[in-house]
Amino acid sequence: MALINFLKPKNQLEEGGRTAAPVQQDAGEPEKKCPNCHKDIPISRLWANDLVCPCGHHFRMKARQRIKMIADKKSFHELYSEMKSGNPLHFPGYKDKVETVRVASGEEEAVICGTAKIGEEMCCLFVMESYFMMGSMGSAVGEKITSLFEYATEHRLPVIGFTVSGGARMQEGLLSLMQMAKTSAAVKRHSDAGLLYIAVLTDPTTGGVTASFAMEADIILAEPGATVGFAGARVIEQTTKKSLPTGFQKSEFVLEHGFIDGIVSRSDQKKLLTELLSMHNGG
Amino acid sequence: MSGVPYERVKLARDNGRPTGLDYIKNIFNGFIEFHGDRRFADDPAVVGGIARLNNQPVTVIAIEKGHTAKERAYRNFGAPHPEGYRKALRLMKQAEKFGRPVICFIDTSGAYCGIGAEERGQVQAIAENLMEMSTLCVPVISILIGEGGSGGALALAVADRVWMLKNAVYSVISPEGCASILWKDSAKAEEAAASLKLTAEDAKSLGVIERILSENEMGKKDFYDRIRGLLTEEFNELSKDPDLIGKRYDRFRHIGAHAVVKE
């Protein structure tokens with residue numbers, strides 16, 4: 001089957017969506033400065049182009065907007081939306097922080113999981129949310145992702161995962177660390193069952209999430225210019241007292257060093273994922 | 001008072017504590033060290049090989065910090081590069097092939113944060129260990145003997161049993177790092193240490209470890225004899241278990257189940 005058959009009209013976001021634009025809208029034509037080309041780009045233009053600047057810079061995208069972009073219309077069925085982090089260590093300030101973030105982001109946790117069709121191919125889909133504590137992994141995130149992999153193993157479905165994370169959620173201490181082991185074990189079972197897992201790393205994917213399920217996929221893709229790594233650049237500079245090479249920890253750098261399969265722009269993601277799913281025959 | 005969490009952090013980091021090699025030399029007989037990850041280098045921060053536990057051949061792996069300034073620099077202060085984790089995994093796979101139990105001694109402030117470590121896939125090395133250890137066919141016991149620094153410690157601790165020395169600590173982030181990120185003030189490390197629940201007692205009450213090892217007579221013959229006895233006993237139990245991998249999965253699957261609210 002020719003790849004051209006999978007070409008679909010670009011998602012126009014005509015449904016509006018329940019999530020707000022991740023920038024403040026002022027009176028008049030609102031614009032956003034691109035950190036790459038330094039031009040002021042009209043927000044409406046960015047939105048019409050999946051938050052990609054004409055220069056190619058990929059702005060961060062809310063998880064639900066991404067689901068709308070990737071999943072076939074009305075095919076996404078959310079799972080585990082009832083799972084939320086408590087405050088298991090009674091960490092000072094954590095409960096209030098989570099409440100504030102819930103209101104501001106409109107989300108209950110830093111990952112959204114479910115089943116979806118991508119180009120008619122059935123799969124399990126998880127998308128992490130940078131607007132929820134920078135996608136940090138606490139117990140609920142770990143539980144949702146683990147449950148999704150278990151569901152996928154049971155129903156023999158492939159998993160597509162979009163990662164964005166600052167790492168483990170330190171307010172849950174050791175319990176957040178343990179999520180790395182828990183999710184990895186679930187990925188392994190899914191893998192051992194002969195099923196496909198594709199990860200798409202978006203900006204930034206760092207710390208404990210990268211050092212667990214983000215790096216465990218059969219096929220690892222990344223968005224252009226995404227930061228992908230273990231430690232933060234500042235920490236590395238402080239540790240080594242050395243200046244960092246140009247493009248350090250960017251997806252292009254990680255590709256060059258052999259740790260990801262490819263870089264794929266937002267506009268090509270659905271087509272590529274569809275083709276990959278199809279070539280693996282639904283897992 | 002050793003009950004204060006930050007005091008525990010200081011004790012866990014104390015240069016005078018026995019290091020990984022001390023445990024290997026005193027608990028086992030006839031240690032033969034194996035080097036290298038067969039891909040790029042030999043990481044001196046991770047020591048591994050085979051030895052006898054009483055009479056039984058076992059694979060032993062330890063993160064080694066060294067004692068003297070020179071040793072500590074050579075061992076990169078116990079902060080492994082990706083090659084250290086890859087060597088450890090290579091030796092675990094070898095243990096699996098020959099049916100040997102695996103013992104890991106963990107003592108690290110964390111996986112090394114450096115340019116080369118990032119270039120050579122620190123994240124990939126840790127992730128692979130987490131995945132592969134979850135289905136290793138032989139019994140694994142991991143013992144945190146000093147610092148248990150985040151993913152760099154966990155990468156050797158996806159085990160059937162995880163034990164901690166009384167004054168070892170196990171944490172997702174250093175108290176200084178936590179204080180610096182959350183409160184922009186690394187001087188609040190004491191407060192962070194208390195909030196992070198990183199002591200052996202905390203780890204046990206959270207269900208992250210099974211056993212706390214007393215530090216009475218630490219470094220003396222009785223101390224090592226006691227640990228040898230416990231390891232022997234535990235491996236006898238584990239080796240009889242027909243569902244080792246299933247139970248290991250469940251062990252990690254259910255840690256902190258209470259931390260997730262369903263509403």
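In which sense do strand S4 of chain A and strand S9 of chain B pair? They pair in the antiparallel sense, over three bridges. The legends below concern a predicted model, in which local features need pLDDT of at least 70 and side-chain atom pairs count only at pLDDT 80 or more, whereas totals for chains, interfaces and linings use all residues. Residues are numbered from 1 along each chain as its sequence is written, and chains are lettered from A and ligands numbered from 1 in the order in which they are written.

**Figure 1. Strands of chain A and chain B pair with each other.** Strand S4 (83-85) belongs to chain A, and its partner S9 of chain B covers residues 260-262. Within this pairing, A:Lys84 has B:Val261 as its bridge partner. Two strands are said to pair if DSSP finds at least two bridges between them. Helices (H or I, at least four residues) and strands (E, at least two) are DSSP runs, numbered from the N terminus.

**Figure 2. The contact between the chains takes 48 residues from chain A and 43 residues from chain B.** Two residues are in contact if their C-beta atoms, placed from the backbone, lie within 7 Å. On the side of chain A that touches chain B, the elements giving two or more residues are strand S4, helix H4 (139-154), helix H5 (173-192), helix H6 (207-210) and helix H7 (233-240). The largest share, 14 residues, comes from H5 of chain A. By class, this side of chain A has 25 nonpolar, 14 polar and nine charged residues. Here Ala, Val, Leu, Ile, Met, Phe, Trp, Tyr, Cys and Pro count as nonpolar, Asp, Glu, Lys and Arg as charged, and the others, Gly among them, as polar.

**Figure 3. Seven strands of chain A form an open sheet with mixed pairing.** The order of the strands is S3-S5-S6-S7-S8-S9-S10. Strands S3 (77-79) and S10 (262-263) of chain A each have a single partner strand, so one side of each is left without a neighbour in the sheet. At the S10 edge of chain A, strand S9 (residues 219-222) of chain A pairs with S10 of chain A in the parallel sense over two bridges. A:Ala222 stands opposite A:Ile263 there. Helix H2 (residues 63-70) of chain A packs on the sheet, where it touches strands S5 (111-118), S6 (121-128) and S7 (159-165) of chain A. The direction of H2 makes about 160° with that of S6; axes are lines fitted to C-alpha atoms, for helices over the stretch in contact, and angles run from 0 to 180 degrees between N-to-C directions.

**Figure 4. Strand S7 of chain A is largely enclosed by the rest of the structure.** Seven of the seven residues of S7 are buried. A residue is buried if 20 or more other C-beta atoms lie within 10 Å of its own, exposed if 12 or fewer, and partly exposed in between, with C-beta atoms placed from the backbone. In a regular strand the side chains alternate between the two faces of the sheet. On one side of S7 of chain A are A:Val159, A:Gly161, A:Thr163 and A:Ser165, and on the other are A:Ile160, A:Phe162 and A:Val164. Four bridges join S6 of chain A to S7 of chain A, and the two strands run parallel. A:Leu125 stands opposite A:Ile160 in S7.

**Figure 5. A:Leu125 belongs to the largest nonpolar core.** A nonpolar core is a set of buried Ala, Val, Leu, Ile, Met, Phe, Trp, Tyr and Cys residues joined through C-beta atoms within 7 Å. This core has 156 residues, and those that touch the most other members include A:Leu125, A:Leu174, B:Ile106 and B:Tyr170. Helix H5 of chain A gives the most to the core, with nine residues. Not counting residues up to four places away in sequence, A:Leu125 touches several residues, among them A:Ile67, A:Phe76 and A:Ile160.

**Figure 6. Backbone features are shown at A:Pro204, A:His90 and B:Asn54.** Most residues other than glycine have a negative phi, and most peptide bonds are trans. A cis peptide bond, with omega of about -15°, joins A:Asp203 and A:Pro204; A:Pro204 lies in strand S8 (residues 197-205) of chain A. A:His90 has a positive phi of about 50° and lies in the loop between S4 and helix H3 (94-105) of chain A. A:His90 is exposed, with 11 other C-beta atoms within 10 Å. For B:Asn54, phi is near 55°, and the residue lies in the loop between strands S2 (46-53) and S3 (56-63) of chain B.
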